[in-house]
Amino acid sequence: MTTPDPTPVPEDPFAAGPPQGWPEQPDAVVLDADAFRHSQDDLYRRLRRDHGPVVPVLLERQIPVWLVLGYREMVRVTTDPKTFARDSRRWHSWDKVPDDWELMTFVGYRPTMLFTEGAEHERRAEAIIDSMEVVDPFELRALCERVADDLIDDFAGSGSADLIADYACRIPLRVLSRMYGLDGAESEELQQITVDLVSGVGGPAAHQKMVDQMVSLLAQARANPDRKNISTVLAFHPAGLTDDEIINDLLGNVYAAHQPTTDLIGNALRLMLTDERFAVTMSGGRRSVGQALNEVLWEATPVPNWIGRWAAEDTMLGNRRIRKGDCLMLGLAAANADPDVRPDFRAGAAGNQAHMAFSHGTHGCPPVARELAEAIAMAAIEVLIDRLPDVSLAIAPEELEWRSGLMMRGVSAMPVEFSATSH
Ligand code: HEM
């Protein structure tokens, strides 16, 4: 999804000198897709020290946005949707944004629930939330275990695998699509199309295939009201969603679920395979998988930044004057690293779940979706440990590479080895 940029990336975002792209904010900092790749904590510390909790930044192609770093400021932004609104058409800087901008996937207006506001958002969100509550936790756990087991069957005999490509990225949509009401082959197809699209393969034809799949899923739902799945709940929900609304929200959930849940699994596996505190768990204990997931949601969160919010009026935030139409990027990982709230895991602060990983407030990731992501990740890791108890990294920990990109954080591959088994 990243647009290749011929300009060499400066190692230090502060070294480039004052940028020209935001004359009203002379301390604006240039941040590119690589800025968060290494040592995020150091970057946040320096940004906070030099610019305070709300920083003017220029993203790739000199696009001006405010980066919200402070936990307290994040709470304000996410709980005041009248001032910090969600519809990206409010942005006054659209004339600066090229069509092929790297973050267009996240900011380009689409008629999904994500970009709705006020009563319209309430109506759409209620339907999506109700629909996702259709599967009870026991059925969900059994489904996740089946999906994980099937994938492990494919590589268990070989003694090696890439836990990202062969496992983590294949799980979330196989689970979600079954909840939608897709059968085995259709579910695999949706998962494959999504993996292709997210990695930049497939293009408009692949997207159209996905739309067609949702159209036929909805037709099946309308014809079979007795089936118990996400699409039938949406089709007959009292909120009275139109077909277009349902199709857009089904698609929206596919994108919302795939990469973050993949990276939650991947980042937790990375932690468990590289940190000695989890060595006992990896060799058969189960107790601390939940702890690893919680620690990742604080320290290596799958969505470190989220764009975002658009100011509906002039206001002050963290001593900065925000103008109507300004864009704000939620620095979720930075808020997690705010010294005022950050727990010390090494000192045993494992129970603290006040992180911003799923954002917060009206537009935050819905609780039912968070529970789904955590249930999928928990089952994926527990099944892997049960099936391959001696799994270990096939490369040195420092060879694991974070992908570049501002919005999604995860490693690009995770080669592992284990004793080959025949089921
Ligand atoms: C680890 C996994 C996940 C993470 C880290 C995550 C994170 C997020 C974040 C940061 C947002 C934006 C919130 C905002 O604008 O304030 C969001 C929104 C959303 N997420 Fe998630 N998400 C995850 C998994 C899922 C899953 C599995 C689903 C659905 C199956 C889902 C559905 C949604 C939806 C529908 C929204 C839009 C909410 C709204 O605008 O009302 N997410 N998520």
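The largest cavity in this predicted model has a volume of about 70 Å³. A cavity is a set of points on a 1 Å grid over the protein atoms alone where a 1.4 Å probe fits but cannot get out, and its lining residues have an atom within 4 Å of a point. The volume is the space filled by probe spheres set on the points, which are joined across faces, edges and corners. Of the 13 lining residues, Gln 40, Asp 41, Trp 298, Glu 299 and Ala 333 are the closest to the centre. Helix H1 (40-51) is one of the elements giving two or more residues to this lining, and H1 supplies the largest share, three residues.

The model is predicted, and side-chain atom pairs count only at pLDDT 80 or more, local features at pLDDT of at least 70, while totals for chains, interfaces and linings use all residues. Residues are numbered from 1 along each chain, and side-chain values use heavy atoms, without hydrogens and water.

The whole structure has 24 salt bridges (a side-chain nitrogen of Lys or Arg within 4 Å of a carboxyl oxygen of Asp or Glu). Three of them are listed here.

| Pair | N to O distance |
|---|---|
| Arg 320 and Asp 27 | 2.9 Å |
| Arg 89 and Asp 87 | 2.8 Å |
| Arg 124 and Glu 245 | 3.7 Å |

Arg 124 lies in helix H4 (118-132) and Glu 245 in helix H11 (243-274), so this pair ties together parts that are 121 residues apart in sequence. Helices are DSSP runs (H or I) of at least four residues, numbered from the N terminus. Arg 124 is buried, at 4% relative accessible area, and Glu 245 is buried at 13% (buried means under 20%, exposed over 50%, partly exposed in between, with a 1.4 Å probe and protein chains only). Arg 89 is exposed at 52%, whereas Asp 87 is buried at 11%.

Definitions and conventions
On a 1 Å grid over the protein atoms alone, a cavity is a set of points where a 1.4 Å probe fits but cannot get out, and a pocket is an open set with protein on both sides within 12 Å along at least five of seven lines; lining residues have an atom within 4 Å of a point.
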